[in-house]
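Open the model in your viewer and keep the selection panel at hand. The tour goes from the whole chain to single residues.

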Amino acid sequence: MKIEKKLLNILDRAREGRAPGKEDCIYMLQFQETTPEASLVRATADSIMRQRYGNVGMVFAQIGIEIAPCPAKCLFCSFGEGHTGFEASNMTDEEILATALNFTESNELYALFLMTMHNYDFEKLIRIVRMLRGKISGETKICVNMGDFDLAQAKDLKAEGVAGAYHLSRLREGVDTSLDPKTRNATVKNIKEAGLDWYHCCEPIGPEHTPEELAEQILFGREFGGCFQHGAMSRIYVPGTPLAKYGQITDLKLGQVTAVVSLAMLETAATKTIGVHEPNLIGLTSGANTIYAETGANPRDTEKETTGHRGRDIAACKKMLFDSGFSHLLTSPEKRSELTGFYL
Ligand code: SF4
């Protein structure tokens, strides 16, 4: 079998700790996912990532606390105003607390995310954070996945005990959504300036996105000192959404993108975790070490409650990490537990 010398050079440099640049990322992304070259990229990213992070996996969880026709009108999302079939509904404080306690009682989650629509009630969110911060284990970080916010709000979140925020300018933001990429990126800057952990991702990847577009979004994760979490997420085929007509990429392609993400962040010390969404064994053996459990609203789901549908619980996440060969679970920066087959 003959592998292109150019690829071998990129991967050799990665083994020495040197991250690929934009042109190298584009080159690695353009291989068909079934080629030996793509397999080699995935295998190399997998071994380097395991060495980098000590073969530990991480489990995060997200609670979608509300549903509403969302004014961001993302053409890939089941909540986008103009095409959604969902009516507005909110989880009560009691429901949010019970779900959070359920997710965190075993002390295995690294962080718990609260997800809102693009427009949200900031005061209400702060109230919910306060309620949870007083009740769930101090070891579990609380993070947010919400619409844009300014620096003062970012500082308020930090002061209330929020550890991080998921935020990015999505692929074709402003074309496939009604939002301005500049505003999205300004929020990312606010996250970093406030000292919050920044969660980034290459998403939502569809078959129509070019290697150039993917590489650009991947490398944005190095901006502002680098993201805490990077990853790759495919756009799920959600019937009724305007972009459903393009279909969906394979998990094998998603694994290839995940591998390029993992290699691209090699020299970024801030990056401590690599995710793959929807979680799958290929991604977790291609450079990712992180899975999300989800409940409540999920923009990639057609069900109002994602648990038992797309959403996984912690036990299922741990089983997937174990099956992917991870030896330990990192539950806080200083704490890890062994992943064994006994409890699965
Ligand atoms: S992806 Fe988020 S911002 Fe976009 S429509 Fe869905 S809920 Fe709103």
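Of the 344 residues in the protein, buried ones make up 50%. Buried means 20 or more other C-beta atoms within 10 Å of a residue's own, exposed means 12 or fewer, and partly exposed lies in between, with C-beta atoms placed from the backbone. This is a predicted model: local features need pLDDT of at least 70, side-chain atom pairs count only at pLDDT 80 or more, and totals for chains, interfaces and linings use all residues. Residues are numbered from 1 along each chain as its sequence is written.

**Whole protein.** Switch to cartoon. There are ten helices and 13 strands. These are DSSP runs numbered from the N terminus: helices are H or I with at least four residues, strands are E with at least two.

**Main core.** Select Val59, Phe113 and Val260. They have the most contacts inside the largest nonpolar core, which has 86 residues. Such a core is a set of buried Ala, Val, Leu, Ile, Met, Phe, Trp, Tyr and Cys residues joined through C-beta atoms within 7 Å. Helix H9 (residues 251-264) gives the most to this core, seven residues. Stay on Val260. Beyond its neighbours within four places in sequence, Val260 is in contact (C-beta atoms, placed from the backbone, within 7 Å) with Cys25, Met28, Leu29, Val41 and Ile218.

**Cis bonds.** Most residues other than glycine have a negative phi, and most peptide bonds are trans. Zoom to Glu203 and Pro204: a cis peptide bond joins them, with omega about -10 degrees. Pro204 sits in strand E8 (residues 202-205). Another cis bond joins His277 and Glu278, with omega also about -10 degrees.

**Positive phi.** Select Asn55, in the loop between helix H3 (36-53) and strand E1 (56-64). Its phi is near 55 degrees. Finish at Phe224, whose phi is near 55 degrees. Phe224 counts as partly exposed because it has 17 C-beta neighbours inside 10 Å.

Definitions and conventions:
Two residues are in contact if their C-beta atoms, placed from the backbone, lie within 7 Å.
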